Amino acid sequence: ALPISDLKEGGEYEFRVRAVNEAGISKPSPTVGPLVVKDQQCPPSIELTEFLEAEEKTDISIVAKIKGVPFPTLKWFRAPPNKPDDKLPVQYDQHVNKVVVEDSCTLLIQQSRRNDTALYTLTAENNLGQDA
């Protein structure tokens, strides 16, 4: 795959490719197109399948794989284990943090405490929808 930048949405473009390898450079392929450029969008989705138990004073990482274009807004929630519908937003501080990279969101709980016991869920939302 070769990313191509500076294309205008709605613009029509034609493409040709050439191979480059140890044997040299190939002849250009036949022209493909015209292709109309449009922004690729998809609703958010979350892959989070972990069930985790940990001892006190251990570091915990809950990792969720994220998809969505545009990239979704991500929010972690926690609920008491016996009341999964009583969700409250996770409060971030030096003890609990959220780390977002290319295609994942990780909830980090450093030196876990007894009061960290909860059901943790993640929501992802963009203009095309929501997933949890």
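**Figure 1. An open sheet of four strands.** In this predicted model, four strands form an open sheet in the order E5-E6-E10-E9. The pairing is antiparallel. Strand E5 (42–47) and strand E9 (96–101) are the edge strands. Each of these two pairs on one side only. On average, neighbouring strands of this sheet are turned by 20 degrees against each other, direction ignored. In a regular strand, side chains alternate between the two faces of the sheet.

**Figure 2. Strand E6 against strand E10.** The view covers residues 60–69 of strand E6 and residues 104–109 of strand E10. Six bridges hold the count for this antiparallel pair. Which residue of E10 is the bridge partner of isoleucine 60? The partner is isoleucine 109.

**Figure 3. Strand E9, the hairpin and strand E10.** E9 and E10 pair in the antiparallel sense, again with six bridges. A hairpin of two residues joins E9 to E10. Asparagine 97 stands opposite leucine 108 in E10. E9 is an edge strand and pairs on one side only.

**Figure 4. Two cysteines without a disulfide.** A disulfide is a covalent bond between the sulfur atoms of two cysteines. How many disulfides does the structure hold? The number is zero. The sulfur of cysteine 42 has its closest cysteine sulfur in cysteine 105, but the distance is 17 Å, so a bond is ruled out as too far. Seen from cysteine 105, the closest cysteine sulfur is that of cysteine 42, again 17 Å away and too far for a bond. For a disulfide, the two sulfur atoms would have to lie within 2.5 Å. Is cysteine 105 buried or exposed? Cysteine 105 is buried, because its relative accessible area is 0%. Cysteine 42 has a relative accessible area of 30% and therefore counts as partly exposed.

Figure 5. A search of the whole structure finds one salt bridge. Arginine 114 forms this contact with glutamate 56. The closest N and O atoms are 3.9 Å apart. The cut-off for a salt bridge is 4 Å. Where do the partners sit in the chain? Arginine 114 is in the loop between E10 and E11, glutamate 56 in the loop between E5 and E6. The pair links distant parts of the chain, 58 residues apart. Side chains of opposite charge can pair when their charged atoms come close. Arginine 114 is exposed, because its relative accessible area is 63%. Glutamate 56, at 45%, is partly exposed.

**Figure 6. Asparagine 126 and proline 72.** Asparagine 126 belongs to strand E11 (residues 119–126). Along the chain, proline 72 is 54 residues away from asparagine 126. Their C-alpha atoms are separated by 4.7 Å. Asparagine 126 is buried, because its relative accessible area is 10%, and the limit for buried is under 20%.

Figure 7. Which residues make the nonpolar surface patch? Leu2, Ile4 and Leu7 make the patch, which has an area of about 300 Å². Leucine 2 lies in the segment before strand E1 (12–15). The relative accessibility of leucine 2 is 72%, so this residue counts as exposed.

Note on methods: Residues numbered from 1 in each chain as written. Predicted model: local features only at pLDDT ≥ 70, side-chain atom pairs only at ≥ 80, totals over all residues. Heavy atoms only, no water. Patch = residues over 30% accessible without salt bridge, like charges linked within 9 Å, V, L, I, M, F, W, Y side chains within 5 Å. Areas by Shrake-Rupley, 256 points an atom, 1.4 Å probe, with all protein chains shown as cover. Salt bridge = Lys/Arg side-chain N within 4 Å of Asp/Glu carboxyl O. Buried < 20%, exposed > 50% of the residue type's maximum accessible area, 1.4 Å probe, protein only. Pairing = 2+ DSSP bridges. Axes fitted to C-alpha atoms, helices over the stretch in contact; angles between N-to-C directions.
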